[in-house]
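Come along and follow the entries with me.

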Amino acid sequence: MQALTRRLARAINADAQELTAVLAGFALFLCLFAGYFMLRPIREAMGISGGVHNLQWLFSATFVVMLLAVPLFAWLNSKVPRIHFIDWVYGFFCLNLLAFVLLFRVDHDSVWLARVFYVWISVYNLFVVSVAWSLMADVFDGAQARRLFAFIAAGASVGGLCGPLLSATLIGRVGESGLMLMAAVLLAVAMALKRYLMAWRERQGAGRSAAASGDNPRRPVPGNPFSGLTRMLASRYLLGIGAFILLLTSVSTFLYFEQARLVAELFPERAAQIRVFGVIDFIVQAGALTTQLFITGRVAQKLGVRVLLSAVPALVCLGFIGLALAPTFAMLAGLMIVRRIGEYAFVRPGREMLFAPLDAESKYKVKNFIDTVVYRGGDALSGWAKAGLDMLGHGAWLVAMVGAVCAALWGTLGWYLGGRADRQVNTPGIETTRQPHSSAEWQ
């Protein structure tokens, strides 16, 4: 049994004593993403039901909700020991899902309920994923993160692979409310896995070092409800991460709006739209999983975080140029798939590695602010920018060229941030001999 454990650990680039924690992290993301991707096709269809021309309003509403929600969650983070913080967050969203189960059984065809659900799940997704990655950055130290995050992220791809399949096959049997109930159950399982990971942290993870003894997870994270913003503004490094996210969302939103417009034209019925989005999600997750298992970890070790954060933007820049020359649905779908596979397999693990050496306030509050307010703010701004570009009447060509410029800037910034992270991890002994770094040291 021990020999099998060692072989499995080597296969995923882990030490034997890390194996159970890595598998728990893998399973946690599998649960989160399976639940979300069961609901994502429903969200896309509900966004279309309110009119594609109104999507920028839904993006703006999501940003406003984020502005209200983030200070409340930051306040909770300052009052609740961080070992229990995720229990509160996931428990709250479980109750929300159960409420939607009842509401959709009462009034399935309400346009306003569809809009509320669209905004809510856009908030839900970023919060549950952001705090899950905060947990991983808290449980594993920087050196462990570089070796293990690619495999842990593969759990998200497996979940993302299962979710669309479940959505496409079960939507006719259990309906939208049944899928929401299943997502609530998976979120509860993720809560149980989180408890194991925080216990393991003290024995084998980032909390094992005597130098880290002052970083007590049984205490609330210091700071106030707005310290995520103030800490970000005080650090050029964290501001760089925020700008990286803004450029990522600009590229993603331009592609998303074009996808929604074309799907609405080609597939007018909601059930057909759900199936189309489910098929696209399945292709994306299959590609992301293959890349994470066989490519991402090797790239991170041999070429560093710098390549993880810059390679995908370079490909997307070329894809936008191709879209400008051939503005077809096939080209758009191909670019969308490449962008999403690259984000899940390269960009997401890479950007989470940027936080691993930082202190708890940066990992939880600043990261949560960037992953929610900055992310959805970028969505809202780029949504209105897309609407403005459409009003100019130059078609997909102008949008594609602006997207190419954004992608080029995105890749340049990723190259810089990844280089900073590579230099930090490559400094001998820095992860085990010092207190977790504050962002001020990275300015």
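**Rings, charges and the core**

I started with a charge over a ring: the charged end of Arg 115 sits over the ring of Trp 112, at 4.6 Å from the ring's centre. I keep in mind that this is a predicted model. I then looked up Arg 43, whose charged end lies over the ring of Tyr 118, 5.2 Å from its centre.

Next entry: ring pairs. How many aromatic pairs does a search of the whole structure find? I noted 26. One of them joins Phe 100 and Trp 120, a tilted pair with 5.1 Å centre to centre and 55° between the planes. Phe 100 is in helix α4 and Trp 120 in helix α5, so this pair ties together parts 20 residues apart in sequence. Are these two buried or exposed? Phe 100 is buried at 7% relative accessible area, and Trp 120 is buried too, at 12%.

I also wrote down Phe 140 and Trp 200, which form a tilted pair at 5.4 Å centre to centre and 50° between the planes. Phe 140 sits in the loop between α5 and α6, while Trp 200 is in helix α6, 60 residues apart. Phe 140 is buried with a relative accessible area of 0%, and Trp 200 is buried with 1%. Both belong to a cluster linked by ring pairs, with members including Phe 29, Trp 133 and Tyr 344.

Last entry: the core. The largest nonpolar core has 151 residues, and Phe 140 is among those that touch the most other members, as are Leu 28 and Met 136. Helix α6 gives the most to this core, with 23 residues.

Key
Residues are numbered from 1 along each chain as its sequence is written. This is a predicted model: local features need pLDDT of at least 70, side-chain atom pairs count only at pLDDT 80 or more; totals for chains, interfaces and linings use all residues. Side-chain values use heavy atoms; hydrogens and water are left out. A nonpolar core is a set of buried Ala, Val, Leu, Ile, Met, Phe, Trp, Tyr and Cys residues joined through side-chain atoms within 4.5 Å. Buried means under 20% relative accessible area, exposed over 50%, partly exposed in between (1.4 Å probe, protein chains only). Helices (H or I, at least four residues) and strands (E, at least two) are DSSP runs, numbered from the N terminus. Rings of Phe, Tyr and Trp (its six-membered ring) pair if their centres lie within 6.5 Å; planes under 30 degrees apart count as stacked, over 60 as edge-to-face and the rest as tilted. A charge sits over a ring if NZ of Lys or CZ of Arg is within 6 Å of the ring centre and within 35 degrees of the ring normal.
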